[in-house]
Amino acid sequence: MRAPRFTPAALSFLRALKRHNDRDWFRARKDRYEALLRGPMIEVIDRLAADFRSFAPDLVANPKASLYRIYRDTRFSGNKAPLKTHIAAVFPCRGLAKHQGAGLYLEVAPTGVWVGGGMYAPDTSQLQAVREHIAGNVRHFRAIVESPAFRRSVGALDGERLQRVPRGFARDHEAADYLKYRQFLAGREFPARFAATPSFYRGVLTVFKAVAPLTRFLNEPLLVRERSSDRSEAHGDHGRR
């Protein structure tokens, strides 16, 4: 079976979209967008759904949950351009809301391809839970982000960091450097033309296999909290009957 990938024409379409970011222009060419970009991305998502069973069964891959819309939400943005100039898909954790917790992400843009994942914008309570999880499981966390496969595929852990170890943790804690992170990101950027090569899907899969253990680790304390919350609600409902 041919590995899914995009075509040079798909990249040309994205470059043209960047120049003509206009609803009327897009409406007249929507069928080309469907054929060149949306269709191939759905093929990628469907193939990942099968491959995730072997290394990331905890992540969701289906077009409805994964594929981002091309239309931008401009209500609260200073940028009023109506359309995104890239196509992207997200692969969230089962049992958590789509933009909660850690997941994998793929973006194909006129300027490049980004493949990776992690946790982008945890709220305060989520971040605290993740930091406590790291503090209590330092060896496991290091085994993931310092492994040769991780370093070879995506380099070092990335993301915004604090200047100091956060309150509640010892300054000399053995996980001090990792406890400073406010985001936990890992990925790799490829040239845009990579999306149209036969090695595209294999490259995506290699990066995702390296990053999936990180997303699983980051989600563990959030899933425990979610299950605990569900049990509490169930007991509460039972008590009211």
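Q: Is Val-44 buried or exposed?
A: Val-44 is buried in this predicted model. Its relative accessible area is 0%, which is under the 20% limit for a buried residue.

Q: Which helix does Val-44 lie in?
A: Val-44 belongs to helix α3.

Q: And what is Val-44 in contact with, leaving aside neighbours within four places in sequence?
A: Val-44 is in contact with Pro-4, Leu-106, Phe-200 and Tyr-201.

Q: How far apart are Val-44 and Ala-89 in space?
A: From C-alpha to C-alpha, the distance between Val-44 and Ala-89 is 9.4 Å, while in sequence they are 45 residues apart.

Q: In what order do the elements run from the N terminus on?
A: The order is α-α-α-α-β-β-β-α-α-α-α-β-α.

Q: What box do the C-alpha atoms fill?
A: Taken along the principal axes, the box is roughly 55 × 55 × 40 Å.

Q: What share of the residues is buried?
A: Of the 241 residues in the protein chain, 46% are buried.

Q: And what about the contacts with a separation of 6 or more: what share comes from residues 24 or more positions apart?
A: Such residues account for 68% of those contacts in the protein chain.

Q: What does the accessible surface come to?
A: The accessible surface of the protein chain is about 13300 Å², and carbon and sulfur atoms hold 48% of this area.

Q: Turning to aromatic residues, how many aromatic pairs does a search of the whole structure find?
A: The search finds 17 aromatic pairs. One of them joins Phe-26 and Tyr-33, whose ring centres are 5.3 Å apart.

Q: Why is the pair of Phe-26 and Tyr-33 edge-to-face?
A: The pair is edge-to-face because the ring planes stand at 65°, and the limit for that class is over 60 degrees.

Q: Are Phe-26 and Tyr-33 buried or exposed?
A: Phe-26 is buried, with a relative accessible area of 1%. Tyr-33 also counts as buried, at 4% relative accessibility.

Q: What about the rings of Phe-52 and Phe-55: how far apart are their centres?
A: Their centres are 5.5 Å apart, and their planes stand at 85°, so the pair of Phe-52 and Phe-55 is edge-to-face.

Q: Which residues form one aromatic cluster with Phe-26?
A: Phe-13, Trp-25, Tyr-33 and Tyr-71 form that cluster together with Phe-26.

Q: Moving on to Phe-141, where is its place?
A: Phe-141 is in helix α6, residues 138-145. It is buried, with a relative accessible area of 1%.

Q: What is Phe-141 in contact with, leaving aside neighbours within four places in sequence?
A: Its contacts are Ile-134, Leu-157, Tyr-178, Leu-214, Phe-217 and Leu-218. Phe-217 is 76 residues away from Phe-141 along the chain, yet their C-alpha atoms are separated by 7.5 Å.

Q: Where is the place of Ala-186?
A: Ala-186 is in strand β4, residues 184-190. At 2% relative accessibility, Ala-186 counts as buried.

Q: What does Ala-186 touch, not counting residues up to four places away in sequence?
A: Ala-186 touches several residues, among them Trp-114, Phe-150, Val-211 and Leu-214.

Q: Last topic: is Arg-202 buried or exposed?
A: Arg-202 is exposed, with a relative accessible area of 54%. Arg-202 is found in helix α9. Thr-215 is found in helix α9 as well, but Thr-215 counts as buried at 0% relative accessibility.

Note on methods
Residues are numbered from 1 along each chain as its sequence is written. This is a predicted model: local features need pLDDT of at least 70, side-chain atom pairs count only at pLDDT 80 or more; totals for chains, interfaces and linings use all residues. Side-chain values use heavy atoms; hydrogens and water are left out. Helices (H or I, at least four residues) and strands (E, at least two) are DSSP runs, numbered from the N terminus. Buried means under 20% relative accessible area, exposed over 50%, partly exposed in between (1.4 Å probe, protein chains only). Contact means heavy atoms within 4.5 Å. Accessible areas come from the Shrake-Rupley method with a 1.4 Å probe; for residues, only the protein chains shown count as cover. Rings of Phe, Tyr and Trp (its six-membered ring) pair if their centres lie within 6.5 Å; planes under 30 degrees apart count as stacked, over 60 as edge-to-face and the rest as tilted.
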